[in-house]
Amino acid sequence: MKRLVMFLIRKKLGLKKNQRFKFDGQKSDAVYYISDSHIMKYYHGHTSLSNVSINWLLSDECDIIPM
């Protein structure tokens, strides 16, 4: 079920699997991507689970910049 949800979020945002993106207006140089089952954050050479809310990603206020 989790994989299906991540797939649908990627499709809504217009991203491919593991395609990196940033948020519009983001202050840090962190880059995010959506894997099969998690939203990941890549920052200063380290990858970790992101604290980004799925509700935020699905809201109309969330603008992303695909890379």
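This is a predicted model: local features need pLDDT of at least 70, side-chain atom pairs count only at pLDDT 80 or more; totals for chains, interfaces and linings use all residues.
Residues are numbered from 1 along each chain as its sequence is written. Local features need pLDDT of at least 70, side-chain atom pairs count only at pLDDT 80 or more, totals for chains, interfaces and linings use all residues, and side-chain values use heavy atoms, without hydrogens and water.

Reader: In what order do the elements of the protein chain run from the N terminus on?

Author: The chain has 2 helices and 5 strands. Helices (H or I, at least four residues) and strands (E, at least two) are DSSP runs, numbered from the N terminus. The order is α-β-β-β-β-α-β.

Reader: Which residue in β3 stands opposite Tyr32?

Author: Strand β2 covers residues 31-34, and β3 covers residues 39-43. The two run antiparallel and are joined by 4 bridges; strands pair if DSSP finds at least two bridges between them. They form a hairpin with 4 residues between them. Opposite Tyr32 stands Lys41.

Reader: Are Val31, Tyr32, Tyr33 and Ile34 of strand β2 buried or exposed?

Author: In a regular strand the side chains alternate between the two faces of the sheet. Here Val31 and Tyr33 point one way, and Tyr32 and Ile34 the other way. Buried means under 20% relative accessible area, exposed over 50%, partly exposed in between (1.4 Å probe, protein chains only). All four are buried.

Reader: What is the relative accessible area of Leu58?

Author: Leu58 lies in helix α2, which spans 54-58. Leu58 is partly exposed, and its relative accessible area is 38%.
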